[in-house]
Amino acid sequence: MHDTHRIYLIGMMGVGKSTIARLIAQRLGRIWVDSDACVERNSCMTIAELFTHYGEEEFRRREWECIRQTIKIRDLVVACGGGAPCFYGAMDLMLSSGITIYLGAEIDTLVGRLMMEAHTRPLLTGTDISLKDRLHMLLEKREPVYQRAHYSIATDGLTEEHVAERVLKILNDE
């Protein structure tokens, strides 16, 4: 049995973590937090601006601080930024203070979901590498951390509502 007072959704950008977190929170009567939105709110700038002015390392530090703050709140659903579990021991913190669910998707699915907005995501811009290759490289680095999650759900071919239902089933089985 895992502590289900805090539900952490992890996975690559474009997998639908924010929308699914909102759906789950609504159904459970909980609040939800998006770690990217938390960083933007606390920094008074967009993630792209933060990357431009301070770099990825500072973004990751601020992201960690947002994740760290979640352990003070009960009955919470957290949509974690794609890289959040991979820095500063955040995955260990999430594993010990809640239930982690890895939402996965095939690279081609992610490319289809991110193609129109890739220019707004700092880790996908400013490179000569194709979107597919860049996503593949990021996933290759992150996958070992993602695989540590308590549960995994493949989201390919599923609506966000269906993914939310699968998460709720996991929680009911806990």
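## Around helix α4, and a few spots beyond

Glu63 sits in helix α4; helices here are DSSP runs of H or I with at least four residues, strands are E runs of at least two, and both are numbered from the N terminus. This is a predicted model, where local features need pLDDT of at least 70 and side-chain atom pairs count only at pLDDT 80 or more, while totals for chains, interfaces and linings use all residues. Residues are numbered from 1 along each chain as its sequence is written, and side-chain values use heavy atoms, with hydrogens and water left out.

**Glu63 up close**

- Glu63 counts as buried, at 1% relative accessibility; buried means under 20% relative accessible area, exposed over 50% and partly exposed in between, using a 1.4 Å probe and protein chains only.
- Its side chain makes a polar contact with the side chain of Arg60 at 2.9 Å. A polar contact is an N or O pair within 3.5 Å; within protein, one atom must be able to donate a hydrogen and the other to accept it, and residues adjacent in sequence count only if both atoms are side-chain atoms.
- Skipping neighbours within four places in sequence, Glu63 is in contact (heavy atoms within 4.5 Å) with Ser35, Asp36, Val39, Gly81, Gly83 and Ala84.

- Helix α2 (residues 35-43) and α4 have axes that come within 9 Å and cross at roughly 110°. Axes are lines fitted to C-alpha atoms, for helices over the stretch in contact, with angles from 0 to 180 degrees between N-to-C directions.
- That angle is why α2 and α4 are called roughly perpendicular; the label covers 65 to 115 degrees, with under 35 roughly parallel, over 145 roughly antiparallel and the rest oblique.
- On the α2 side, the contact uses Ser35, Asp36, Cys38, Val39, Asn42 and Ser43, and α4 brings Phe59, Arg62, Glu63, Cys66 and Ile67.
- By class, the α2 and α4 contact has five nonpolar, three polar and three charged residues. Nonpolar covers Ala, Val, Leu, Ile, Met, Phe, Trp, Tyr, Cys and Pro, charged covers Asp, Glu, Lys and Arg, and the others, Gly among them, are polar.
- Helix α3 (residues 47-54) packs on α4 at about 130°, with the axes 7 Å apart, which makes α3 oblique to α4.
- Here Ile47, Leu50, Phe51 and Tyr54 of α3 meet Glu56, Glu58, Phe59 and Arg62 of α4, a set with five nonpolar, no polar and three charged residues.

**Helix α7**

- There's a kink of about 35° at Glu140 in α7 (residues 131-146), shortly before Pro144. The bend is the angle between axes fitted to the seven residues ending at a residue and the seven starting there.
- Leu131, Arg134, Leu135, Leu138, Leu139, Arg142, Val145 and Tyr146 are the buried residues of α7.
- The elements covering them include β1 (6-10), α4 (56-69), α5 (90-97), β4 (99-104) and α6 (107-114).

**Loop residues to look at**

- Ile129, in the loop between α6 and α7, is partly exposed at 35% relative accessible area.
- Apart from neighbours within four places in sequence, Ile129 is in contact with Arg134 and Met137.
- Most residues other than glycine have a negative phi.
- Cys44 isn't a glycine, yet has a positive phi of about 55°; Cys44 lies in the loop between α2 and α3 and is exposed, at 72% relative accessible area.
- Asp75, also not a glycine, has a positive phi of about 55°; Asp75 is in the loop between α4 and β3 (76-79) and counts as partly exposed at 34% relative accessibility.
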